Amino acid sequence: MKAVVRRNKQLVCDEIDDLVPAEGQVLVKTLACGICGSDLHALHHMEHMVDLSRRAGGMDGGFDPRADTVFGHEFCAEILDHGPGAQKTLKPGTRVVSMPAVMTAQGVELLGFSNRLPGGFSERMLLTEAMLLEVPNGLPTDQAALTEPFAVGAHAVAKARLEPKSVSLVVGCGPVGLAVIGALKAAGHGPVIAADYSPRRRAAAERLGADIVIDPAVESPHARWEALGVPTSRAAQSMIQMMGGSFARPVVFECVGAPGVLQSLIEAAPAGAQVVVAGVCMESDRIEPSIAVTKEIELTFVFGYSPVEFAQTLHNLAEGVIDVSHLVTGSVGLEGVAGAFEALGDPEAHVKILVRPDL
């Protein structure tokens, strides 16, 4: 079967071995798979990513970043066949999504970061039957494929200590920031400020429900706190409390993942703010802890999602609670994946590109 293989830091469309489902597995046809920012980074820096993951206690399944790898962990697929002993609750032809982890005799394989099993940039995949979720309510395939990235936003919001009247600021409206905005509005939070230099990304943020959309080149997104009822200094906050008043905790979502952004937020955010770090900075960074201490800034680092958050995200997409119908701006076949990686370097060119092996 055909797949796009990362080989020698290049993307090569090649033939790989056909797949046979083992105990507890299903063979599926890949219908659509999103290109993630982590895929873009892993193309050239996989070895560094794996080293950091192992230092953090993850990626211990014998994965060799120098060996052939088939990316793709944001997918919607169709069941083709079942392995031995399968329950067969979902029949062939059923469209499904799944968390991108597969149980095997050798342990858990993370799809997109495995030498043994291909991810979604391939015609076929193996998935764990017990982890499948049927795509409900006629949700289109291209939207179902966004379940995984939007579950990342759901997890970030779940980790935020939001109060009923909290004001949220989302810095960076790439896929992670958009997922956070969708999750915030799905949970009924607001007002939500969204900030990004890209007009296309700002437009996407507005369609997802951001209440205020700001171009940081024109206005600091932090200029709006006071007008929204959030005192920014500790002195002002103490005065309000001494007079019997109150205010909700402000929350900032860092969704850029570039050096220097975290320090800039520590300095600019209101005193007592929680900064939820959802952007993955792959380089060493530097902060001034004394400023964060003096302002009592709370830093919360988040990663991934839970099975419950993944399932709830699929439900929210299928019920229209989160409208992602406008986010897919391009689709390519396997032969077009390398070009799509280059196109995604320009935030004005695309919001989300899907790989569709049948094209």
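## Salt bridges and nonpolar cores in a predicted model

The side chains of Glu219 and Arg224 meet in a salt bridge, with 2.6 Å from N to O, the term standing for a side-chain nitrogen of Lys or Arg within 4 Å of a carboxyl oxygen of Asp or Glu. Glu219 is partly exposed, at 25% relative accessible area, and Arg224 is partly exposed as well, at 28%; here buried means under 20% relative accessible area, exposed over 50%, and partly exposed in between (1.4 Å probe, protein chains only).

This is a predicted model, in which local features need pLDDT of at least 70 and side-chain atom pairs count only at pLDDT 80 or more, while totals for chains, interfaces and linings use all residues. Residues are numbered from 1 along each chain as its sequence is written, and side-chain values use heavy atoms, with hydrogens and water left out.

The structure holds 13 salt bridges, among them the following.

| Salt bridge | Closest N and O atoms |
|---|---|
| Arg7 and Asp68 | 2.9 Å |
| Arg202 and Asp215 | 3.7 Å |

Arg7, in strand β1 (residues 2-7), and Asp68, in the loop between α1 (37-55) and β4 (74-82), are 61 residues apart, so that the pair links distant parts of the chain, with helices (H or I, at least four residues) and strands (E, at least two) taken as DSSP runs numbered from the N terminus. Arg7 is partly exposed at 27% relative accessibility, and Asp68 is partly exposed at 34%. Salt bridges with shared partners join Arg7, Asp14 and Asp68 into one network. Arg202, by contrast, is buried, with a relative accessible area of 15%.

The largest nonpolar core has 47 residues, of which Ile181, Phe253 and Leu327 touch the most other members; such a core is a set of buried Ala, Val, Leu, Ile, Met, Phe, Trp, Tyr and Cys residues joined through side-chain atoms within 4.5 Å. Among the elements that give two or more residues to this core are β3 (25-34), α3 (147-159) and α4 (175-186), and α4 gives the most, with 6 residues. Beyond its neighbours within four places in sequence, Ile181 is in contact (heavy atoms within 4.5 Å) with Val170, Cys173, Val192, Ala194, Ala205, Leu208 and Ala210. A second, separate core of 42 residues includes Leu27, Phe63, Ala77 and Phe121.
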